[in-house]
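This briefing concerns charged side chains and nonpolar cores. The sequence and structure are shown first, and the points that follow are grouped by topic.

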Amino acid sequence: MGGLSLRARAVLGGVLWIVFALGVSGWLLVGAFDGIAERTFSRNLSAQLDQLESLILTGSLETAPSQTRLANPRYLQPGSGYYWQVERPDGALVRSPSLGAEALPLRDLQVGETSFTARAPEGFLILTRVRVVRSLDGEGMWRVYAAEAVVRLSRDKLEFRRSLFAALIGLGGALS
């Protein structure tokens, strides 16, 4: 009959089980990492919005807009992929030095915060978070934008996948 011996079937079953377990483990780990990376990316943008909102509420942005600096020095470098912008109640824009003379796309939003993807002045994809802030006197509405290049998030995900794939191949080889 030419069927596989009991030993060969046991080895084949073990190898298939290892491949299955490593595949499921890899899938779960990639999903977990992607979720963590995306939340961290989003939290970083929200932290930049928090800084800008505090500048609005303390009046610093109105009194010295050209002196406005955020904690991250990448907002100073043109083309860095890190941008912020504030639309004042009078429609004037205050922008990060990284934007140069360009502006982020404006959105008509209600009070709250939202996200959208757009193109940076240099042409690459950015994720932009927007928050509408009421001034202390309650009269004016400020739109606060923080944006970061999506390619950074994609690179982090790719680097994790490569490392994980290499580790799982090594582990699979050791278990086989």
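In this predicted model, the side chains of Arg88 and Asp90 form a salt bridge with an N to O distance of 3.8 Å. Arg88 is buried because its relative accessible area is 18%, under the 20% cut-off. Asp90, by contrast, counts as exposed, since its relative accessibility is 57%, over the 50% limit. The salt bridge count for the model comes to five.

**Salt bridges between distant parts of the chain**

- Asp34 and Arg161 are joined through their side chains by a salt bridge of 2.6 Å, N to O.
- This pair connects helix 1, which holds Asp34, to helix 3, which holds Arg161, across 127 residues of the chain.
- Asp34 has 14% relative accessibility and is therefore buried, whereas Arg161, at 32%, is partly exposed.
- A salt bridge also links Arg131 and Asp50, whose closest N and O atoms are 2.7 Å apart.
- Here the partners lie 81 residues apart, with Arg131 in strand 4 and Asp50 in helix 1.
- Arg131 counts as buried because its relative accessibility is 12%, while Asp50 is partly exposed at 41%.
- Asp50, Glu53 and Arg131 belong to one network, joined by salt bridges that share partners.

- Glu148 is located in strand 5, which spans residues 141–149.
- Although Glu148 is buried, it has no salt bridge.
- The nearest side chain of opposite charge to Glu148 is that of Arg152, at 4.4 Å; the pair is therefore not a salt bridge, for which the atoms must be within 4 Å.
- A polar contact of 3.2 Å joins the side chain of Glu148 to that of Tyr82.
- Beyond its neighbours within four places in sequence, Glu148 has contacts that include Phe41, Leu45, Gly81, Leu125, Ile126 and Leu127.

**Nonpolar cores**

- In soluble globular proteins, nonpolar side chains tend to be buried together.
- The largest nonpolar core holds 19 residues, of which Leu52, Ile56, Trp84, Val86 and Val144 touch the most other members.
- Two or more residues of this core come from each of helix 1 (6–57), strand 1 (82–87), strand 4 (125–134), strand 5 and helix 3 (150–175).
- Helix 1 provides the largest share, seven residues.

Key: Residues numbered from 1 in each chain as written. Predicted model: local features only at pLDDT ≥ 70, side-chain atom pairs only at ≥ 80, totals over all residues. Heavy atoms only, no water. Helix = DSSP H or I, 4+ residues; strand = E, 2+ residues; numbered from the N terminus. Buried < 20%, exposed > 50% of the residue type's maximum accessible area, 1.4 Å probe, protein only. Lys, Arg positive; Asp, Glu negative; His and termini not counted. Polar contact = N/O pair within 3.5 Å; in protein donor to acceptor, adjacent residues only side chain to side chain. Contact = heavy atoms within 4.5 Å. Core = buried A, V, L, I, M, F, W, Y, C linked by side-chain atoms within 4.5 Å.
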